[in-house]
Amino acid sequence: MRRKIILDCDPGHDDAIAILLALASPELEVLGITTVFGNVGLEHTTRNALVVREVAGVQVPVYAGADRPLVRDRISAEAVHGASGLGGPHLPTPTGQAEPKHAVLFIIEQVLQHPGQVTLVPTGALTNIALALRLEPRIIPQIREIVLMGGSIDIGNWTPSAEFNILCDPHAARIVFEAGVPLVMMGLNLTHQTVAHPARIARFRALGTPVGRFVAELLEFFREHHRRRYKWEGAPIHDACTIAYLLRPELFKTGLFNVEIESNEGLAFGRTVCDYWHVTGKPPNCTVGLEVDVEGFYDLLVERIGGY
Ligand code: BDR
Ligand code: CA
């Protein structure tokens, strides 16, 4: 049976590639794409989800969700992703629209309809997921797993302590990490291993297909920021690590740890505090990605993107 997933995202270059990877993979049944504010505002992230659906040529429903965090002020990342959120390639005009239902209600409905079967894959702020858990706590024991991109076991990227997605809404992240749902965290310590340097980008271009070119152009734009900012050879494809993990868990080395979210507004606001050495005695609540077979990751991605 295909694994049922909901992609909860803020596209975003790497979100877009995660969506394309999921929609190209017969092992997965994408029930819907839900959007959240994040890299850019909700109007843009929702439009971008529709754009990516158009590029993929797959009629998966899109639902717009939260346009702001629960408590803190909204932050965004136009400097990384461009004003539209998907700088680089020509973006087709979406033919369809988002569904009228709120993303949070869609998530609740799907989990209740398919108890124990739905995996949530958040690659943006955790606001929609937290709202769903609070609005309908009956879903908590019925979610199969949450496989998210966010956090880090060590350094952040938006502050010295915090990764962008978690920092977007630390209070929501805290609700999610404390919920007791099986959790997998693909944080920066892992995703930074997936840098898309020019030879890797060339593999997508060499596919000679419109989707291959679209991915290459996304990665070329994304690369520029990372070259300027970090002097890296390219950008990590953070968000696609979640889908790759669902498809090929054997590509990943993981560990089981206690992870808590710092939700106090100090120096470590938004940090995913990972008890790596098990010094607290607190029970583990999260499977944490530690290492990825990066060549295997790219082989998978190129194979699936080549399937369009
Ligand atoms: C995360 O932040 C966003 O800019 C990316 O899409 C990714 O989800 C990396 O910190
Ligand atoms: Ca994202």
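Mentor: The model before us is predicted, with local features needing pLDDT of at least 70 and side-chain atom pairs 80 or more, while totals for chains, interfaces and linings use all residues. Residues are numbered from 1 along each chain, chains are lettered from A and ligands numbered from 1 as written, and side-chain values use heavy atoms without hydrogens or water.

Trainee: Which residues are closest to ligand 1, and how many surround it?

Mentor: There are 13 residues around ligand 1 (a heavy atom within 4 Å), and the closest are Asp14, Asn39, His81, Glu163 and Asp239. Helix H1 (13–23) and helix H6 (164–168), both DSSP runs of at least four residues, each supply at least two residues of this shell. By class, the shell holds three nonpolar, six polar and four charged residues.

Trainee: How do you know where ligand 1 sits?

Mentor: The space taken by ligand 1 is the largest pocket (an open set on a 1 Å grid, with protein on both sides within 12 Å along at least five of seven lines), and sitting there requires more than half of the ligand's atoms within 2 Å of the grid points. This pocket holds about 290 Å³ of space. Among its 23 lining residues, the closest to the centre are Val80, Asn157, Trp158, Phe164 and His238. Helix H10 (210–230) gives the largest share of the lining, five residues.

Trainee: What makes the bond between Pro11 and Gly12, and the phi of Lys231, worth a look?

Mentor: Most residues other than glycine have a negative phi, and most peptide bonds are trans. The bond joining Pro11 and Gly12 is cis, with omega about -15 degrees, and Gly12 lies in the loop between strand S1 (3–9) and H1. Lys231, in the loop between H10 and strand S8 (235–236), has a positive phi near 65 degrees.

Key. 1 Å grid on protein atoms, 1.4 Å probe; cavity = no way out; pocket = protein on both sides within 12 Å on 5 of 7 lines; lining within 4 Å. Nonpolar A, V, L, I, M, F, W, Y, C, P; charged D, E, K, R; others polar. Points joined across faces, edges and corners; volume = space filled by probe spheres on them.
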